Number of protein chains: 2
Amino acid sequence: MAHTKEWRSSMKIRFDYNNMMQAYIGEHGITDEEIFAKSKLAKNALNFYKTNRGTGMMCWSELPYNQTEIVKELNETARYICKKFKNFVVLGIGGSALGPIAVFQALNHLRNNELPRKVRKVPKLYVEDNVDPERMASLLDVIDVEETMFNVITKSGSTSETMSQFLIISDILKKKLGDRAKEHIIATTSENKGNLIKIAQREGYKTFYIPDGVGGRFSELCPVGLLTAAVMGVNISEMLKGAADMDKACLNKNVSENPALAAAVLQYIAIEKGNNISVMMPYADGLKYIADWYCQLWGESLGKRIDLDGKEVFAGQTPVKALGVTDQHSQIQLYTEGPFDKVITFLGVDKYRAEVKIPDGYKDIPAVSFLCGHTLNELITAERMATEYALMRAGRLNQTIMLPELNEYTLGQLLMFFEIQTAFVGAMFNIDSFNQPGVEEGKNATYALLGKEGFEDKKKELASAPKKDAKYIIQ
Amino acid sequence: MAHTKEWRSSMKIRFDYNNMMQAYIGEHGITDEEIFAKSKLAKNALNFYKTNRGTGMMCWSELPYNQTEIVKELNETARYICKKFKNFVVLGIGGSALGPIAVFQALNHLRNNELPRKVRKVPKLYVEDNVDPERMASLLDVIDVEETMFNVITKSGSTSETMSQFLIISDILKKKLGDRAKEHIIATTSENKGNLIKIAQREGYKTFYIPDGVGGRFSELCPVGLLTAAVMGVNISEMLKGAADMDKACLNKNVSENPALAAAVLQYIAIEKGNNISVMMPYADGLKYIADWYCQLWGESLGKRIDLDGKEVFAGQTPVKALGVTDQHSQIQLYTEGPFDKVITFLGVDKYRAEVKIPDGYKDIPAVSFLCGHTLNELITAERMATEYALMRAGRLNQTIMLPELNEYTLGQLLMFFEIQTAFVGAMFNIDSFNQPGVEEGKNATYALLGKEGFEDKKKELASAPKKDAKYIIQ
């Protein structure tokens, strides 16, 4: 179903940064002058995006526009999977998992896997993004692999976690199904390189491709995320439309009219002033894992030792996930009274997809009965506004992104907003937002510990590292 | 089943802080001299704990010792619930939810609710710690209230979220079951004050009491957490025994032999040096929500505007939850290369409760086949050690708490370790670790927005607050 222009226009997300400003929160706030002083920086960041989009590792910017044929194929495959399989399991980690989890949580029933098949209409979804043996064993306790389609996602085909899971699952499938095992595995990987594509071709798996210029954390809007979404009944065209419309809004050269650019400038200034923490706090269970997805995008893109000139900068801002109202009872004490070291971004929803009334009762206990007659919708909304207000009064940097509703179109906007904001901030800090050199050391040490060929020197290095001192271990 | 002394002695958790030390990580590390310089601070913190334990808001320190009768009653009730009900639902938020969730995840099958009843032997568990209307609607889509026991947990009986949920559920129960509704609700609350105890007595609910001197975030080891654990088949006596043994270890006056005191001194020094972030990163899905529980304990206890002398200090360190190995593919880039602003605490497990072998295959692709023959256990362990190593090489503060196994006894130790460490650090900063004045503003604003009696002035204040400026909202 395609939506009308009017409907889409009523579904634009709003970025509200009143409470980032000194006029509202006082001395720790940002002024119009400070924003104005970053005009050139903002202009350069926008130019960077415009100039480099669709090239190098910035091919993600074109995903909203260049996938018409792929979307068709994804939807066809999704219909087949939906009809034929009881479970859909993603084997992937990091960018291959966080997007699929976030979109599933946002657009499917919150207890999808517990609904009877007739009600839910789509398969159960499992995203296996860890290698804890207890996790794998527990999955195998609750699914029948013969009723399950597995989507193995790794661009390089050399992600140890995913390839281990793949080896375990394909072995089980082969033992149970022989030649028909291949009908239970889809490989989502690079078309041109790596091991998974080799294996997929040899085994005859159905494949989807991850474009070369799309890194893991920017891959939700390519087949990495879209296949799972389509299988789960999501209108992926509408998600891409939302992303496209946000992309267009973020090409506006006026900071005050460009949501991601304004957000980037504000966050840049906040970081400059020492706010090394960025809290993402949605007020909707459906948006809970958007915060997890954001944490990878923000942390891995901006956390960099050197800038593009090779200068040591140790850049980055630590993302923190929270959930409203839940974490009001966990983190708001700290956010209100602790150090002035963070920006809090609330995500709100104007209209939830359910309404639950709080019924009458206990009229003689006013401390309880004042709730009666209200809805949970009013309660969660009042709490979000009250928390914003309390943080403002405490002089704390906070901003709010409002979604008119949570649906494919608004979610597409939201994902693209954060991706573009990340690219802008990376450009402002003059760093490469699209690599992750810092994970190599740990990867190589793992290879060495597991005896991978070619890592004999690293193994020696590990062996000669200073031994742990028993006096620093307390039992 | 009671364990032997030898077994317990083999099950002591180990606190390893080698990688906090300058000798291992270089300039950003801590020296023996720096630790020694805090001897008096440490001594005072220990004295504070010894002197105040069992009094005021520190009655949680006695929970491992003073609940023999309560444990008996909890176990009896648990057996009844387990026999009679298909679902057990906790209505609670913050400290009433985070402990029960953490222990359930740690000690039950990771997919408990999806197992057939015969296999799991215990009810399905739902912990409803938000008021998103979609969340409540989705719960009601998958449970039959007639087969469900609800445990309403709020000490004050005035927690808006929990009381709203209670009103909704009790209304549904009354409409379906009339007088028998009361057989489906347990109230866990203060014995002496508040609204829930009044309601419980009027309605004839079974009740459990939250001791006066036990705050929400220190309440897992009282009925708040123990009832759910017992219903889910956990040996709660063994959990308390673990907590008791940790408590004893933490009374040792030598910092180098007292795990929580050493951990407190190290974290105190790290905070003094500007590390305003504390990352909790378990390498086990079972320990995932221990990180959430820790985040409340740490954030809400230490995040304080004023110290005990009334001086403005804006104390606190922001807790961050992560999961190994999953977040290696999300946060480790930042932790390795970003700012030197955090301490990372790994939680490891020597022996997982399952072993999964990676089968042979693809001998001609060495980049894949090096994994073959190993187990997922070896992989996750290698990755934890490799990540520790990489962080050490990058000069980053990190420490590891190892559990020989994840069971009731080690979990009891772990919970008590963090509670005592928090009390120690709070004492070192000369703050009240047991209050949460910073949440009042938001609570009152919520009351005002919902029209609660007595908050008319707050309502006026809200109405006269500066209006949001449209120019700071981008659509």
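**Sheets and helix packing in the predicted model**

Strand 1 of chain B and strand 12 of chain B pair in the antiparallel sense over 3 bridges, where two strands are taken to pair if DSSP finds at least two bridges between them, and where helices (H or I, at least four residues) and strands (E, at least two) are DSSP runs numbered from the N terminus. This is a predicted model, in which local features need pLDDT of at least 70 and side-chain atom pairs count only at pLDDT 80 or more, while totals for chains, interfaces and linings use all residues. Residues are numbered from 1 along each chain as its sequence is written, chains are lettered from A and ligands numbered from 1 in the order in which they are written, and side-chain values use heavy atoms, with hydrogens and water left out.

Within strand 12 of chain B, B:Met402 stands opposite B:Arg14 and also opposite B:Gly348. Strand 11 of chain B is joined to strand 12 of chain B by 6 bridges, and these two strands run parallel. Of the 6 residues of strand 12 of chain B, 6 are buried, a term that means under 20% relative accessible area, as against exposed at over 50% and partly exposed in between (1.4 Å probe, protein chains only). Both faces of this strand are covered, with B:Asn398, B:Thr400 and B:Met402 on one side and B:Gln399, B:Ile401 and B:Leu403 on the other.

These strands belong to an open sheet of 6 strands with mixed pairing, in the order 11(A)-1(B)-12(B)-11(B)-7(B)-10(B). Strand 11 (473-474) of chain A and strand 10 (318-321) of chain B stand at the edges, each with a single partner strand, so one side of each is left without a neighbour in the sheet. Helix 18 (residues 408-428) of chain B packs on the sheet, touching strand 1 (14-16), strand 7, strand 11 and strand 12 (398-403) of chain B, and its direction makes about 145° with that of strand 12 of chain B; contact here means heavy atoms within 4.5 Å, and angles run from 0 to 180 degrees between N-to-C directions, with axes being lines fitted to C-alpha atoms, for helices over the stretch in contact.

In chain A, 5 strands form an open sheet with parallel pairing, in the order 3-2-4-5-6. The edge strands, strand 3 (124-128) and strand 6 of chain A, each pair on one side only. Strand 4 of chain A is joined to strand 5 of chain A by 4 bridges, and the bridge partner of A:Asn151 in strand 5 of chain A is A:Ile186. Helix 10 of chain A packs on the sheet, touching strand 4, strand 5 and strand 6 of chain A, and its direction makes about 145° with that of strand 5 of chain A. In helix 10 (residues 195-203) of chain A, the residues A:Asn195, A:Leu196, A:Ile197, A:Ile199 and A:Ala200 are buried. Helix 10 of chain A is followed by A:Gly204, whose phi is positive, near 80°.

Elsewhere in chain A, helix 12 (residues 236-249) and helix 18 (residues 408-428) pack at an angle of about 45°, with their axes 6 Å apart. The two helices of chain A are therefore oblique to each other, given that angles under 35 degrees count as roughly parallel, over 145 as roughly antiparallel, 65 to 115 as roughly perpendicular and the rest as oblique.
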